[in-house]
Amino acid sequence: MNTINIRIQVNGSWQELAVKPDDRLIDVLRDQLDLTGTKEGCGQGECGTCTVNLNGHAVLSCLILAAQADNCAIVTIEGLHKGSELHPLQRAFVSEAAVQCGYCTPGMIMAAKPLIDMDAEASEGKIRQHLSNNLCRCTGYDQPVRAVLKAAKEIKEDTNA
Ligand code: FES
Ligand code: FES
């Protein structure tokens with residue numbers, strides 16, 4: 001099959017890639033760029049496990065063709081930490097026991113990030129609604145919601161400091 005040349009920014013670095021027209025974004029991230037933190041669950045847009053950020057929005061990387069991401073900025077779970085310092089969401093997921101088997105965690109965090117970037121005062125109800133497309137078999141959802149609330153509070157306090 002013919003390939004298409006695309007240019008995408010991934011976690012701050014521009015990448016020039018040759019992709020097949022039917023390559024999904026998740027495949028290119030995992031197989032070409034070795035960014036295996038993004039997980040595949042259903043592959044059909046139903047579970048949220050594959051969520052990444054595209055131009056600051058949470059998107060399902062199993063439903064987007066890599067070619068559609070040409071000239072876009074992608075952030076994956078690997079792009080959140082700064083050196084050895086974890087992002088507040090990553091720290092809060094650990095401290096609130098929101099990581100159990102961990103399979104849904106990258107998608108949960110990448111779904112939550114644009115929300116708290118836009119609204120660090122998001123209510124518990126808003127966070128629950130925002131994460132309602134991210135399925136988790138282990139936690140019962142209370143811990144991830146608590147983790148997002150905790151991270152949002154930390155980000156707000158840092159912003160006001
Ligand atoms: S793997 Fe993409 S939504 Fe389930
Ligand atoms: S922690 Fe196991 S699926 Fe969510």
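This is a short tour of the structure, one selection at a time.

The model is predicted: local features need pLDDT of at least 70, side-chain atom pairs count only at pLDDT 80 or more, and totals for chains, interfaces and linings use all residues. Residues are numbered from 1 along each chain as its sequence is written, chains are lettered from A and ligands numbered from 1 in the order in which they are written, and side-chain values use heavy atoms, with hydrogens and water left out.

**Stop 1: the hairpin**

Select residues 4–10 and 13–19. These are strands β1 and β2, paired in the antiparallel sense over seven bridges. Strands here are DSSP runs of E with at least two residues, helices are runs of H or I with at least four, and both are numbered from the N terminus. Two strands pair if DSSP finds at least two bridges between them. Pick Arg-7: Glu-16 of β2 stands opposite. Now go to the turn. Two residues lie between the strands of this hairpin, and Asn-11 takes a positive phi near 50°.

**Stop 2**

Gln-9 stands opposite Ala-73. Val-10 stands opposite Ile-74.

**Stop 3: the whole sheet**

Show all the strands. The sheet is open, has five strands in the order β2-β1-β5-β3-β4, and its pairing is mixed. The edge strands are β2 and β4 (57–60), each pairing on one side only. From one strand to the next, the twist averages 40°. Angles run from 0 to 180 degrees between N-to-C directions, and axes are lines fitted to C-alpha atoms, for helices over the stretch in contact. In a regular strand, side chains alternate between the two faces of the sheet.

**Stop 4: helices on the sheet**

Select residues 25–32. Helix α1 packs on the sheet and touches β1, β2, β3 (51–54) and β5. Its direction makes about 105° with that of β2. Next comes α3, which also packs on the sheet, touching β3, β4 and β5. The direction of α3 makes about 35° with that of β3. Contact means heavy atoms within 4.5 Å.

**Stop 5: α3 against α5**

Under 35 degrees counts as roughly parallel, over 145 as roughly antiparallel, 65 to 115 as roughly perpendicular, and the rest as oblique. What makes the contact between α3 and α5? Met-108, Ala-112 and Ile-116 of α3 meet Pro-144, Val-148, Ala-151, Ala-152 and Ile-155 of α5. By class, that contact has eight nonpolar, no polar and no charged residues. Ala, Val, Leu, Ile, Met, Phe, Trp, Tyr, Cys and Pro count as nonpolar, Asp, Glu, Lys and Arg as charged, and the others, Gly among them, as polar.

**Stop 6: α2 against α5**

Select residues 88–95 and 142–160. Helices α2 and α5 pack at about 140°, with their axes 8 Å apart. That makes α2 oblique to α5. On the α2 side, the contact includes Leu-89, Arg-91 and Phe-93; on the α5 side, Lys-150 and Glu-154 are among the residues. The contact has nine nonpolar, one polar and three charged residues.

**Stop 7: past the end of α5**

Finish at Ala-161, in the segment after α5. Is Ala-161 buried or exposed? Ala-161 is exposed, with a relative accessible area of 88%. Buried means under 20%, exposed over 50%, and partly exposed in between, using a 1.4 Å probe and protein chains only. Lys-113 is 48 residues away in sequence and 20 Å away in space, C-alpha to C-alpha.
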